[in-house]
Amino acid sequence: MKLTGSQILLESLRLEGVETVFGYPGGAVINIYDDLYDSPIKHILTRHEQAAVHAADGYARTTGEVGVVIATSGPGATNTVTGIATAYMDSIPMVIITGQVPTALIGNDAFQEADICGITRPCTKHNFLVQDLRDLPRMIKEAFFIARTGRPGPVLIDLPKDIQVASMKFNYPETVKMRGYKPTIDGDERQIGKAAQMILKAKRPVLYVGGGASLANADQELLKLAELLQVPVTTTLMAMAAFPGEHPLSLGMLGMHGTYFANMAVTECDLLVAIGARFDDRVTGRIDAFAKKAKIIQFDIDPSSIHKIIRVDLPVVGDLESVLTSLLRQLDEKPQDISIQIEQTSAWRKEISGWKAKHPMGYQASKSVIKPQYVIEKLSELSNRDAIITTEVGQHQMWAAQFFKFRQARTFLTSGGLGTMGYGLPAALGAQVAFPDRQVIDISGDGSFQMNSQELATLVQYRLPVKIAILNNNFLGMVRQWQQLFFDKRYSQTCMELPIDFVKLAEAYGATGLSTDKVDDVETVIKKAFEVDGPVLMEFKVSREENVIPMVPAGKGIHEMVLAS
Amino acid sequence: MKHTISVLVENEFGVLARVAGLFSGRGFNIESLSVAPTLEPDTSRMTIVTRGDDRILEQITKQLNKVISIIKVVDFTDEEYVERELALVKVTAESDSRAEVLRIVDIFRAKVVDVTPKSYTIEITGAPGKIDAALVLLTPLGIKEVVRSGPVVIGRGSKGVSN
Ligand SMILES: Cc1ncc(C[n+]2csc(CCOP(=O)(O)OP(=O)(O)O)c2C)c(N)n1
Ligand SMILES: [Mg+2]
């Protein structure tokens, strides 16, 4: 039996195990939407293509599966770009299908034509323009394979309209054959052996864990490694949920807004073990002051991450779950060395405890005005163990990372690499689609929220009970903080003069809105929101000029933190 | 330092843009680039001349290797290789200078490929340094136009670069 291109697309998606897609229709994908009408695949109609991509991203980050998006040509396709770039920077597996004008019109500046393959080339792991229907099944197969293997990432398929309507006999390939793509999985055993030796010799070791550990589902191996050797663990923003926040070995986040003790530990350690972390400038501060006293081991799936920013002493390329498993196996053969190691590092752990006692994470509490950090602490306390937290970008994002105690992997979704305001709400939407019965909370700012607030409609339409907590400081707070500290308090364009009635906004969409400016009401509002069986927007009017600290000023080493505002 | 890199690529839509975009997007420099299909019609070979320190070159080769359409990357810098470039040069050649142009053609074992009463077009092949030298000598006579292919390279010995 012959199938049309659009039927082949949907059938291939089904064979890849896709149950849900996020998207938005238009002329160049109308055939696909017609076939979707009869398809078992569930489609979530967002209110903006950017939100569809962030939703698929949220779906992918929580489930570990490939998120799928459909958008039309031209403006539909260009609207996806911020979402794709966000996913690319954070290595999120995703397949984006865009409609394209018919092949005969490509290059003619046809109506709603955009060279989306050209536009997304630098922000996709790979992309395809389908020029012949016979290539379509192979390209879909390859797209999913590329998206989910190696260092994951978004892959775009641009599908011209004439190819959607052409038909042929359909066979889905069972395997992929790509001469140019063969990701490494297992690490080199000898290198791993050397790493084990270095770790056993260290007197002041630290594990520096990044988003790669989450992506590889290596959180259990990481926990075992840390506990086996009693090594302290610091995580990047991308890995906050990869290691339990309340674990005695947890140092919390490092870098620009990291904890005093994490930054000191990295500065003073004699061995830094980077696990799926890429030495981002927000982590390292001034690079020549970073972990200056340490030998560095780097475990990473991506060879190009190694020696990119900093020369490491021992690189191991491979899938982190596999690499850590074999590292643990090699260590298990040396129980004596392990006891010696634990003993010889006890002074180091004491030193770190000293730093923790000297400058614990904290803030100036208040009885008269709501402190944003207090709201995060309460959310952390009152939410379920497996609650999924998303954030927008700004001060609230940093406070979420600093004060929420994450308990389980894949429960913290935030745009780390690109820093995309407007990410959190649609990402929460996607996570809630993936897990209808879990608590999903978007920790938001008044500025960021307005970048994708239209998605309240999607939440209501699909009865997605996402809880939104806006820390309303009536400022683009993070930028204001920089203006306060480095530009003489010249608050240029960071105050949105017009206060918004967020409760009415929520209600206009049919969601529940709650608001308070009283410290004593914070807990009540959160409890009430959690009881509502539908989307709720909570507005907390917080102290307006609160700063995120510690803070490492630009150009300084991470030990040169500003500790009080 | 100058590096000459051979890149085997899938001969498919957009592959040149991927390579060029990678260089411009990451601030790497391309001094020259030449590309044509190999014996296998689905494979092309590019020769890229670039500059950078060891760290940059390591990134260039690693980033190239990451591109899905790239099959193989060989940096010839530390290898023995033969390097050749072709130049076509249109030189003013009127009565008094015609003999001088031919003398230079002879010295560089170049070839005259087109003649008019006012000009010679000559073809020079060789290592890029040889072409530079020929151009230095031809410049005073009046070069109207010059086009260079950029070098291509192949390793010495019997072993070949293949996929
Ligand atoms: C799309 C986008 N535009 C601009 C920025 C720059 N930016 C970073 S944080 C920030 C302020 C965010 O304000 P808000 O959402 O209210 O959060 P707050 O910092 O006040 O908690 C801005 C403008 C960005 N990260 N993303
Ligand atoms: Mg704000």
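# Exercises on a predicted model

The magnesium ion (ligand 2) is coordinated by A:Asp446 (OD), A:Asn473 (OD1) and A:Phe475 (O), at 2.1 to 2.2 Å. The structure is a predicted model, and the exercises below work through several of its sites.

## Exercise 1: the metal site

Task: Find how the donor residues of the magnesium ion (ligand 2) are spaced in sequence, and state where A:Asp446 and A:Asn473 lie.

Solution. 
- Step 1. Written as a pattern, the spacing of the donor residues is D-x26-N-x1-F.
- Step 2. A:Asp446 belongs to helix 20 of chain A, while A:Asn473 is in the loop between strand 18 (467-472) and helix 22 (477-486) of that chain. The two are 27 residues apart, and the pair links distant parts of the chain.
- Step 3. A:Asp446 and A:Asn473 are both buried.

## Exercise 2: the second largest cavity

Task: Give the volume of the second largest cavity and name the residues that line it.

Solution. 
- Step 1. The structure has two cavities of 30 Å³ or more. The second largest cavity holds about 50 Å³ of space.
- Step 2. Its lining is made by A:Asp446, A:Gln450, A:Asn472, A:Asn474, A:Met496, A:Leu498, A:Pro499, A:Ile500 and A:Phe502. One of these, A:Asp446, is also a donor to the magnesium ion (ligand 2).

## Exercise 3: aromatic pairs

Task: Classify the ring pair of A:Phe449 and A:Phe502, then the pair of A:Phe22 and A:Tyr59.

Solution. 
- Step 1. A search of the whole structure gives 15 aromatic pairs over all chains. Planes over 60 degrees apart count as edge-to-face.
- Step 2. For A:Phe22 and A:Tyr59, the ring centres are 5.8 Å apart and the planes stand at 65°, so this pair is edge-to-face. A:Phe22 is in strand 2 (residues 20-23) of chain A and A:Tyr59 in helix 3 (residues 49-63) of chain A, 37 residues apart. Both A:Phe22 and A:Tyr59 are buried.
- Step 3. For A:Phe449 and A:Phe502, the centres are 5.9 Å apart and the planes stand at 75°, so this pair is edge-to-face. A:Phe449 lies in helix 20 (residues 446-449) of chain A and A:Phe502 in helix 23 (residues 502-508) of chain A, so the pair ties together parts 53 residues apart in sequence. A:Phe449 and A:Phe502 are buried.
- Step 4. Elsewhere, A:Tyr208, A:Phe279 and A:Phe290 are linked into a cluster by ring pairs.

## Exercise 4: charges over rings

Task: Which ring does the charged end of A:Arg438 sit over, and which residue's face does B:Arg98 lie over?

Solution. 
- Step 1. In chain A, the charged end of A:Arg438 is over the ring of A:Phe435, 4.5 Å from its centre.
- Step 2. In chain B, B:Arg98 lies over the face of B:Tyr120, 4.6 Å from the ring centre.

## Exercise 5: the largest cavity

Task: Describe the largest cavity by its volume and its lining.

Solution. 
- Step 1. The largest cavity contains about 170 Å³ of space.
- Step 2. It is lined by 17 residues, of which A:Arg61, A:Ser214, A:Met238, A:Phe412 and A:Leu413 are the closest to its centre.
- Step 3. Helix 10 (211-215) and strand 16 (412-413) of chain A are the elements that give two or more residues to this lining. Helix 10 gives the most, with three residues.
- Step 4. The lining divides into 10 nonpolar, four polar and three charged residues.

## Exercise 6: chain B and a pocket

Task: Outline chain B and describe the second largest pocket.

Solution. 
- Step 1. Chain B has four helices and nine strands. Their order from the N terminus is β-α-β-β-α-β-β-α-β-β-α-β-β.
- Step 2. Of the 163 residues of chain B, 42% count as buried.
- Step 3. The second largest pocket has a volume of about 1,200 Å³. Among its 43 lining residues, the closest to the centre are A:Tyr88, B:Arg26, B:Gln63, B:Lys66 and B:Val67.
- Step 4. Helix 1 of chain B provides the largest share of the lining, five residues.
- Step 5. By kind, the lining holds 15 nonpolar, 15 polar and 13 charged residues.

Technical notes: Residues are numbered from 1 along each chain as its sequence is written. Chains are lettered from A and ligands numbered from 1 in the order in which they are written. This is a predicted model: local features need pLDDT of at least 70, side-chain atom pairs count only at pLDDT 80 or more; totals for chains, interfaces and linings use all residues. Side-chain values use heavy atoms; hydrogens and water are left out. On a 1 Å grid over the protein atoms alone, a cavity is a set of points where a 1.4 Å probe fits but cannot get out, and a pocket is an open set with protein on both sides within 12 Å along at least five of seven lines; lining residues have an atom within 4 Å of a point. Grid points are joined across faces, edges and corners, and a volume is the space filled by probe spheres set on the points. Ala, Val, Leu, Ile, Met, Phe, Trp, Tyr, Cys and Pro count as nonpolar, Asp, Glu, Lys and Arg as charged, and the others, Gly among them, as polar. Rings of Phe, Tyr and Trp (its six-membered ring) pair if their centres lie within 6.5 Å; planes under 30 degrees apart count as stacked, over 60 as edge-to-face and the rest as tilted. Buried means under 20% relative accessible area, exposed over 50%, partly exposed in between (1.4 Å probe, protein chains only). A charge sits over a ring if NZ of Lys or CZ of Arg is within 6 Å of the ring centre and within 35 degrees of the ring normal. Donors are N, O and S atoms within 2.8 Å of the metal (3.2 Å for Na, K and Ca); water is not among the atoms, so sites may look incomplete.
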